[in-house]
Amino acid sequence: MKKLEPLFGFDVNYDDNGNVEINDVKQFPQESKNSQKLYDRLELLKIEDSGIIFPVMLKKWIITINPINDETIMDYFRISGIKKVIEENKSKLVGKTTFVKGAVQYEKKCKYPNLNIYFYEVVNEGGDEVINIFEMIEYCKIQYNISQFTPKRISDLEKLVNTEELLRIPYLPVELIQFDEFGNILDFNLHRINSINLPF
């Protein structure tokens, strides 16, 4: 493990697989100024890599996976569940420029959270005009209740899912949905890195 220069006050190193690992981040980006700066930088890099040209018009839509039973939670409430939802809605996405981001959010007095998948589609009309990359970061920002993961809720979830993986979802930045020449959805690199070697 090789230690690197700190980033926004966080210790950084390479893990044994050569991936950059940022240590001691908060549970949610908005919990501290440095956490939000770190997260915004991840978003900025992802949006820059997409190659979209500003100004742009975006239409936001959400698919919510409700925890209706244990099987639903076990099938969807993991990082790969985001791609599973994308696969199920592929017909709406092929041929379009769409970004995606997952969120784990509790409704009031609920034992389990919802898995919300946020889509941001580039449209010619009927959307919200976004002038530049910084406006897009704000447009795609998800506000969390930073007290939502109580010890009791985590304990309840641990019976069904790997909570270590689930708690990484708030830090996954917006991703451009892309397809290969056969129409298969390309993997999201940060999703893959954050879901490997987790023992559930």
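1. Ground rules. Buried means under 20% relative accessible area, exposed means over 50%, and partly exposed lies in between (1.4 Å probe, protein chains only). By that scale C110 is partly exposed, because its relative accessible area is 31%. C140 is buried, at 0% relative accessibility. This is a predicted model: local features need pLDDT of at least 70, side-chain atom pairs count only at pLDDT 80 or more, and totals for chains, interfaces and linings use all residues. Residues are numbered from 1 along each chain as its sequence is written, and side-chain values use heavy atoms, with hydrogens and water left out.

2. Cysteines. How many disulfides are there? The count is zero. The test is a pair of cysteine sulfur atoms within 2.5 Å. A disulfide is a covalent bond between the sulfur atoms of two cysteines.

3. Aromatic pairs. Rings of Phe, Tyr and Trp (its six-membered ring) pair if their centres lie within 6.5 Å; planes under 30 degrees apart count as stacked, over 60 as edge-to-face, and the rest as tilted. The count comes to six aromatic pairs. In one of them, the rings of Y39 and Y171 have centres 6.0 Å apart and planes at 80°, so this pair is edge-to-face. Y39 belongs to helix α1 (residues 33-50), and Y171 to the loop between α6 (163-166) and β8 (175-176), so the pair ties together parts that are 132 residues apart in sequence. Both Y39 and Y171 are buried. Helices (H or I, at least four residues) and strands (E, at least two) are DSSP runs, numbered from the N terminus.

4. The W61 and F119 pair. These two rings are stacked, at 4.2 Å centre to centre and with 10° between the planes. W61 is in strand β4 (residues 56-65) and F119 in strand β6 (residues 114-122). The pair links distant parts of the chain, 58 residues apart. W61 is buried, because its relative accessible area is 17%. F119 is buried too, at 0%.

5. Cluster and charges over rings. F28, Y106, Y144 and F149 form one aromatic cluster. A charge sits over a ring if NZ of Lys or CZ of Arg is within 6 Å of the ring centre and within 35 degrees of the ring normal. The charged end of K60 sits over the ring of Y139, 6.0 Å from its centre. K84 has its charged end over the ring of Y76, 5.2 Å from the centre.

6. T72. This residue is in helix α2 (residues 70-76). Buried or exposed? T72 is buried, because its relative accessible area is 12%. Leaving aside its neighbours within four places in sequence, T72 is in contact (heavy atoms within 4.5 Å) with I65, N66 and F77.

7. Helix α5. In α5 (residues 151-158), R153, I154, D156 and L157 are buried. Seen down the helix axis, the buried residues fall within an arc of 160°, so they line one face of α5. That arc is taken over the directions from the helix axis to the C-beta atoms. The buried residues of α5 pack against α6. The face turned away from the buried side carries the exposed residues P151 and K152.

8. Strand β5. Which way do the residues of β5 point? T98, V100, G102 and V104 point one way, and F99, K101, A103 and Q105 the other way. β5 (residues 98-105) is mostly covered, with eight of its eight residues buried. Two strands pair if DSSP finds at least two bridges between them. β5 pairs with β6 in the antiparallel sense over eight bridges. With β8, β5 pairs in the antiparallel sense over two bridges. F99 stands opposite Y120 in β6 and opposite L176 in β8.

9. L176. L176 lies in strand β8. L176 is buried, because its relative accessible area is 18%. Leaving aside its neighbours within four places in sequence, L176 is in contact with S50, T97, T98, F99 and F188. The C-alpha atoms of L176 and K46 are separated by 7.8 Å, although these residues are 130 residues apart along the chain.

10. G183. Where is G183? G183 lies in the loop between β8 and α7 (189-195). G183 is partly exposed, at 21% relative accessibility. The C-alpha atoms of G183 and G95 are 9.9 Å apart, with the two residues separated by 88 residues along the chain.
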